[in-house]
Amino acid sequence: MSLSSVQGQFRAALRTSTCAPGRTYAAAASGAKAVLEKELDTIRAAGTWKGERIITSKQGPQIRVDGSRGRILNFCANNYLGLSSHPEVVQAGIDALRTHGAGLSSVRFICGTQDIHKHLEQKLAEFHEREDCILYASCFDANAGLFEVLLGPDDAVLSDELNHASIIDGIRLCRAQRLRYKHLDLSDLENKLKEAQSSRMRLIVTDGVFSMDGDVAPLPGICDLAEQYGAMVFIDECHATGFLGPRGRGTDELLGVMDRVHIINSTLGKALGGAAGGYTVGPKPLIELLRQRSRPYLFSNSLPPPVVGCATRAVELLLDSNEIAQSMAAKTTSFRDQMTQAGFTIAGSAHPICPVMLGDARLASVMADDMLKLGIYVIGFSYPVVPKGKARIRVQISAAHTDEDIDRCVDAFIQTGRKHGVVS
């Protein structure tokens with residue numbers, strides 16, 4: 001059942017219950033509840049129900065999970081650099097809580113901008129080697145707040161078909177001509193650019209790394225086309241900032257196009273401390289315009305000082321040294337090689353996102369549960385998070401994992417895979 005169908009039934013239930021003579025508010029609620037329960041039953045029957053496990057410890061390579069004994073190896077967090085529980089990052093958050101309070105109780109332009117917010121924006125602009133930066137409550141908000149401000153009805157936006165949901169939602173808010181090109185397909189992108197040549201501005205939009213598959217956008221080719229057809233380039237770097245590239249600057253550094261990508265959105269909630277928050281870096285006039293017009297920025301509370309403190313220290317650690325960022329490459333290669341040799345299909349390449357492709361949603365869920373029994377925390381991904389028939393267990397390597405952790409995870413996959421006939 002589609003979302004629009006559920007919404008239609010929900011509204012119909014409310015109309016029937018509230019308009020018929022003698023029906024009460026309780027009856028209206030009962031009718032709506034029946035519609036919702038039917039849809040929930042459909043999700044359960046399809047094997048795509050997404051339960052939430054309860055973690056009873058801080059985030060890290062080893063965690064405690066409610067209902068499980070002892071410490072569990074965590075292989076499904078976006079804690080790429082292990083900074084979520086880094087002592088200096090944690091202490092910076094404590095210090096900011098003491099000096100700047102728990103929160104601002106306000107949006108930025110009223111009375112919600114502190115010196116630490118401006119300092120973090122400066123550090124992020126320096127990190128990405130861009131002119132300016134603006135903070136948001138999340139990268140979802142950053143994506144929701146950009147396109148509507150930048151693009152109008154005379155413009156065109158060209159988006160990879162597998163871009164993150166927040167990009168898709170953000171593009172829907174703008175009035176520009178919307179053109180979707182095939183995933184990583186430069187030929188199709190060029191055709192769309194030709195189609196958009198009459199537009200005032202053209203913006204190519206892509207994830208730097210696609211989070212479900214771990215594949216990397218062909219940025220050199222995208223930038224070549226952008227320059228040929230007079231377009232700008234935007235990348236979402238949530239799954240690259242902090243650890244891809246020689247200094248961890250991201251996909252644009254990895255592929256040698258830092259001076260050819262115009263706008264970057266990314267997150268503080270993954271490699272950069274793992275708490276919350278997102279941001280846009282780019283030309284100063286764009287950032288200034290976003291401060292004036294971007295609705296998620298104007299109408300959302302400022303980031304809490306402890307979050308700002310943690311993120312600032314994380315960025316400073318990476319500006320000081322690339323040692324942490326470089327430590328995960330060998331571990332990623334080891335996991336991918338061992339799993340492939342065991343007979344598993346691993347999507348993507350050379351990225352710490354390592355999707356173990358299984359196809360069947362129920363199989364992915366059951367295998368993830370069996371892995372937990374062996375002390376490995378992973379999650380099965382299925383529709384609508386990924387396309388139907390593309391269910392998987394997405395493994396994510398962290399710099400904080402040891403070589404022994406990697407080996408133990410592979411051994412558990414082999415044991416579970418044999419049990420379910422995935423490998424021999």
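These legends describe close-up views of a predicted model.

View 1. An unreviewed UniProt entry annotates residues 72-413 as "domain: Aminotransferase class I/classII large". The span is 44% helix and 18% strand. Its end C-alpha atoms lie 15 Å apart.

**View 2. Helix 16 and its ends.** Helix 16 runs over residues 361-373. Its 13 residues reach 19 Å from first to last C-alpha, close to the expected 18 Å. Asp360 caps the N-terminal end, with a side-chain oxygen 3.2 Å from the backbone nitrogen of Arg362. Gly375 follows the helix, and its phi is positive, near 90°.

**View 3. The buried residues of helix 16.** Buried residues include Ala361, Leu363, Met367 and Leu372. The buried residues of the helix pack against helix 17 (403-419) and several strands, among them strand 12 (353-359) and strand 15 (391-396).

View 4. Lys123 and Glu126 pair at 4.0 Å, N to O. Both lie in helix 5 (residues 115-128), three residues apart, about one turn. Lys123 is buried, at 18% relative accessible area. Glu126 is partly exposed, at 41%.

**View 5. The salt bridge of Asp224 and Arg260.** The closest N and O atoms are 2.5 Å apart. Asp224 lies in helix 9 (residues 219-229) and Arg260 in the loop between helix 10 (251-254) and strand 10 (263-267), so the pair ties together parts 36 residues apart in sequence. Asp224 is partly exposed, at 44% relative accessible area.

**View 6. The salt bridge of Glu253 and Arg247.** Their closest N and O atoms lie 2.6 Å apart. Glu253 is buried, at 12% relative accessibility. Arg247 is partly exposed, at 31%.

Note on methods. Residues are numbered from 1 along each chain as its sequence is written. This is a predicted model: local features need pLDDT of at least 70, side-chain atom pairs count only at pLDDT 80 or more; totals for chains, interfaces and linings use all residues. Side-chain values use heavy atoms; hydrogens and water are left out. UniProt positions are given in the numbering used here, feature names are shortened, and annotations may be inferred rather than shown by experiment. Helices (H or I, at least four residues) and strands (E, at least two) are DSSP runs, numbered from the N terminus. The expected span of a helix is 1.5 Å times one less than its number of residues. Buried means under 20% relative accessible area, exposed over 50%, partly exposed in between (1.4 Å probe, protein chains only). Contact means heavy atoms within 4.5 Å. A polar contact is a pair of N or O atoms within 3.5 Å; within protein, one must be able to donate a hydrogen and the other to accept it, and residues adjacent in sequence count only if both atoms are side-chain atoms. A salt bridge is a side-chain nitrogen of Lys or Arg within 4 Å of a carboxyl oxygen of Asp or Glu.
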